[in-house]
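Biologist: I've just opened this one and I'm new to it. Can you walk me through a few spots?

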Amino acid sequence: MNKKYLAYVVMGLATLQVANALAAGKDGVAAVVNGKNINVADIKVAYDANPAVKEKTSFDDFYAKTLDIFVDGEIVYQAAAKEKIEDTPEYKQQLKGLKEELARKIYLEKKVRAKVDDKAVKKLYDDYKNTFKGEKEVKAKHILVKNEATAKEVIAKFQKEGGFDKLAKEYSKEPAELGYFTKDMMVPEFAEAAFSLKKGQYTKTPVKTQFGYHVILVEDIRDAKPQPLERIEPQLKAMLAQKTMGDIIKSLQSSATVVKYDAEGNKIGE
């Protein structure tokens with residue numbers, strides 16, 4: 001089955017609702033299309049090649065949802081083969097581009113895997129911890145309304161009756177919970193107001209921002225700490241991979257002989 005077609009199929013599976021099914025096939029064969037086998041192993045290869053799909057979907061579910069797609073793909077491929085599509089200039093031109101792209105992809109993945117190992121991730125994490133600057137974090141709730149009069153009404157009710165969450169459900173345009181945040185994570189007017197309060201205090205006058213008028217309640221204040229490795233490891237690996245690819249390309253550029261021309265055929269750089 002055409003691998004490019006498979007890639008489109010698998011990317012779409014992330015949004016499918018899956019049902020329970022057993023994927024055994026018959027003697028390792030998932031289907032036979034005009035005498036040609038589609039093997040369970042072929043479907044398993046597509047499944048294993050897509051970590052995002054594997055994370056959300058069991059192989060049995062994947063099998064049940066994709067078998068007909070594999071069958072249809074084989075039917076279309078056989079029709080294309082019958083018309084000798086693989087002998088056409090269009091096919092050969094696109095195949096050349098796909099081969100080159102695949103070669104680039106596999107080359108870079110191989111080089112990145114060799115560099116982005118546990119030792120490199122641990123070093124980057126240690127650098128992050130050693131340079132981490134502790135900041136104050138505030139945990140707060142807010143009630144966001146359209147105008148100052150409504151914000152003042154909310155403050156008056158809260159002073160008299162309490163029940164911040166109840167008032168938020170009644171008045172707020174957004175969910176009340178904001179969780180922990182540092183000062184630079186919020187717009188300046190909101191941040192200044194929130195960080196001027198002590199734990200348990202609230203803004204007694206409305207806070208105006210570009211989003212409207214806020215009533216802010218501070219629930220807790222703490223010193224920010226470095227994130228644990230297990231929480232940010234994916235981001236660290238992504239950073240390392242990006243840097244490694246950049247370094248690889250720069251190294252290749254430095255050893256390559258390149259002559260470039262502009263659209264009029266003039267040599268660039270002369």
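Modeller: Let's start with Thr182, which sits in the loop between β4 (177-181) and α9 (188-195). Keep in mind that this is a predicted model.

Biologist: Is Thr182 buried or exposed?

Modeller: Thr182 is buried, because its relative accessible area is 9% and the cut-off for buried is under 20%.

Biologist: And which residues does Thr182 touch, leaving out those up to four places away in sequence?

Modeller: Glu135, Lys136, Glu137 and Phe195.

Biologist: What does the side chain of Thr182 make a polar contact with?

Modeller: With the side chain of Asp184, at 2.6 Å.

Biologist: OK, new spot. Where does Lys173 lie?

Modeller: Lys173 is in the loop between α8 (164-171) and β4. Lys173 counts as partly exposed, with 46% relative accessibility.

Biologist: What does Lys173 touch, again skipping residues up to four places away in sequence?

Modeller: Leu144, Val145, Lys146 and Phe211. Take Phe211: along the sequence, Lys173 and Phe211 are 38 residues apart, and in space their C-alpha atoms are 9.8 Å apart.

Biologist: Which atom of Phe211 lies 3.3 Å from a polar atom of the Lys173 side chain?

Modeller: The backbone oxygen of Phe211.

Biologist: Where is Asp27 found, then?

Modeller: In the loop between α1 (3-12) and β1 (29-33). Asp27 is exposed, with a relative accessible area of 74%.

Biologist: And what about Lys84, what's phi near there?

Modeller: Phi of Lys84 is near 55°, positive as well, and Lys84 is a residue other than glycine. Lys84 is in the loop between α4 (59-82) and α5 (89-115).

Biologist: Why does Lys84 count as exposed?

Modeller: Because Lys84 has 54% relative accessibility, and exposed means over 50%.

Biologist: Let's go further along the chain. Where's Lys267?

Modeller: Lys267 is in the segment after α10 (229-255). With 36% relative accessibility, Lys267 is partly exposed.

Biologist: How far apart are the C-alpha atoms of Lys267 and Gln78?

Modeller: They are separated by 47 Å, and along the chain the two residues are 189 apart.

Biologist: Now zoom out for me. How many helices and strands are in the protein chain?

Modeller: 10 helices and 6 strands. The C-alpha trace spans about 80 × 60 × 45 Å along its principal axes.

Biologist: What radius of gyration does the chain have, and what would a compact globule of 270 residues have?

Modeller: The chain has 29 Å, while a compact globule of 270 residues would be near 18 Å. Buried residues make up 29% of the chain's 270 residues.

Biologist: What about contacts between residues at least 6 apart in sequence, how many of those join residues at least 24 apart?

Modeller: 66% of them.

Biologist: Last one: how many positive and negative side chains are there?

Modeller: There are 47 positive and 41 negative, and the centres of the two sets lie 3 Å apart. As for the accessible surface, it comes to about 18,900 Å², with 54% belonging to carbon and sulfur atoms.

Methods. Residues are numbered from 1 along each chain as its sequence is written. This is a predicted model: local features need pLDDT of at least 70, side-chain atom pairs count only at pLDDT 80 or more; totals for chains, interfaces and linings use all residues. Side-chain values use heavy atoms; hydrogens and water are left out. Helices (H or I, at least four residues) and strands (E, at least two) are DSSP runs, numbered from the N terminus. The radius of gyration is taken over C-alpha atoms; the globule rule is 2.2 Å times the number of residues to the power 0.38. Buried means under 20% relative accessible area, exposed over 50%, partly exposed in between (1.4 Å probe, protein chains only). Contact means heavy atoms within 4.5 Å. Accessible areas come from the Shrake-Rupley method with a 1.4 Å probe; for residues, only the protein chains shown count as cover. Lys and Arg count as positive and Asp and Glu as negative; His and the chain ends are not counted. The place of a charge is taken as NZ of Lys, CZ of Arg, CG of Asp or CD of Glu. A polar contact is a pair of N or O atoms within 3.5 Å; within protein, one must be able to donate a hydrogen and the other to accept it, and residues adjacent in sequence count only if both atoms are side-chain atoms.
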